[in-house]
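The sequence and the structure come first, and the notes follow.

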Amino acid sequence: QVQLVESGGGLVQAGGSLRLSCAASGRTFSSYDMGWFRQAPGKEREFVAGITRSGRMTYYADSVKGRFTISRDNTKNTVYLQVNSLKPEDTAVYYCAADQDICSGYGCYTSEYEYDYWGQGTQVTVSS
C-alpha cells in the first residue's frame with residue numbers, strides 16, 4: 001500500500017505558476033506509476049498527467065500539454081506537477097493517484113477507476 005499527501009496548491013493570477021507535490025509513504029514508491037487528476041466544481045474528475053514508475057515516460061491531457069510538467073524523485077518518494085501559464089479554467093482540486101502497471105510505452109490509463117490509491121487533494125484557484 002501507499003499513502004499520498006498533496007501540497008502546493010493556492011490562489012494565483014492567470015498566467016502564473018505553481019508547483020504541486022505529492023509525498024508518498026512506504027518503501028515501494030518506485031514500483032508505482034503515478035498520475036495527477038483534477039476535479040472542478042460540478043464536473044467529473046479528469047486525468048491531467050501520468051508518469052511511469054521509472055520516470056522515463058510521461059503523458060498529458062491535451063488541455064495541459066506544453067503548460068504542465070510531471071516529474072518524480074524516487075529517492076524522495078515524491079511526484080511533482082509543475083503548472084505554468086495557468087488559466088481560470090485550470091481551477092480545480094488536484095489529486096495525485098497511484099497504482100501498478102497502469103502506464104506503458106503507449107500511455108497511462110486515464111480513468112480514475114483504474115487507480116487504487118489517492119491523496120486528499122490540493123486546491124488550485126486561478127483568478128482572471
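Is Asp33 buried or exposed? In this predicted model, Asp33 is buried, with a relative accessible area of 0%.

**Asp33 and its surroundings**

Asp33 belongs to strand 4. Its side chain reaches the backbone nitrogen of Ile102 at 3.0 Å, and a polar atom of the Asp33 side chain lies 2.9 Å from the backbone nitrogen of Cys103. Leaving aside neighbours within four places in sequence, the contacts of Asp33 include Ile51, Thr52, Arg72, Ala97, Asp99 and Asp101. Asp33 also meets Arg53 in a salt bridge, at 4.0 Å from N to O. This pair links distant parts of the chain, since Arg53 sits in the loop between strand 5 and strand 6 (58-60), 20 residues apart from Asp33. Arg53 is partly exposed, with a relative accessible area of 36%.

**Salt bridges**

Side chains of opposite charge can pair when their charged atoms come close. The whole structure holds 7 salt bridges, including those in the table.

| Pair | N to O distance |
|---|---|
| Asp33 and Arg53 | 4.0 Å |
| Glu112 and Arg45 | 4.0 Å |
| Asp90 and Arg67 | 2.7 Å |

Glu112 and Arg45 form a salt bridge. Glu112 lies in the loop between strand 11 (107-108) and strand 12 (117-118) and Arg45 in the loop between strand 4 and strand 5, so their pairing ties together parts that are 67 residues apart in sequence. Glu112 is partly exposed at 23% relative accessibility, and Arg45 is partly exposed at 22%.

Asp90 and Arg67 also form a salt bridge. Asp90 is in the loop between strand 8 and strand 9 and Arg67 in the loop between strand 6 and strand 7, so this pair ties together parts that are 23 residues apart in sequence. Both Asp90 and Arg67 are buried.

**Nonpolar cores and aromatic rings**

In soluble globular proteins, nonpolar side chains tend to be buried together. Here the largest nonpolar core has 29 residues, and Met34, Trp36, Leu81 and Tyr94 have the most contacts inside it. Among the elements that give two or more residues to this core are strand 3 (18-24), strand 4 (33-39), strand 5 (46-51) and strand 13 (122-127). Another core, of 8 residues, lies apart from it and includes Phe37, Phe47, Ala97 and Ile102.

The count of aromatic pairs comes to 6. Phe37 and Phe47 make an edge-to-face pair, with 5.6 Å centre to centre and 80° between the planes. Phe37 lies in strand 4 and Phe47 in strand 5, so the pair ties together parts that are 10 residues apart in sequence. Phe37 is buried at 0% relative accessibility, and Phe47 is buried at 9%. Arg45 lies over the face of Tyr95, at 3.8 Å from the ring centre, and Arg19 lies over the face of Tyr80, at 3.9 Å from the ring centre.

**Positive phi in two loops**

Most residues other than glycine have a negative phi. Asn77 has a positive phi, near 55°, and sits in the loop between strand 7 (68-73) and strand 8 (78-83). Asp101 has a positive phi of about 60°, in the loop between strand 9 (92-99) and strand 10 (103-104). Asn77 is buried, with a relative accessible area of 18%, whereas Asp101 is exposed, at 56%.

Technical notes:
Residues numbered from 1 in each chain as written. Predicted model: local features only at pLDDT ≥ 70, side-chain atom pairs only at ≥ 80, totals over all residues. Heavy atoms only, no water. Helix = DSSP H or I, 4+ residues; strand = E, 2+ residues; numbered from the N terminus. Buried < 20%, exposed > 50% of the residue type's maximum accessible area, 1.4 Å probe, protein only. Core = buried A, V, L, I, M, F, W, Y, C linked by side-chain atoms within 4.5 Å. Phe/Tyr/Trp six-rings, centres within 6.5 Å; stacked < 30°, edge-to-face > 60°. Lys NZ or Arg CZ within 6 Å of the ring centre and 35° of its normal. Polar contact = N/O pair within 3.5 Å; in protein donor to acceptor, adjacent residues only side chain to side chain. Contact = heavy atoms within 4.5 Å. Salt bridge = Lys/Arg side-chain N within 4 Å of Asp/Glu carboxyl O.
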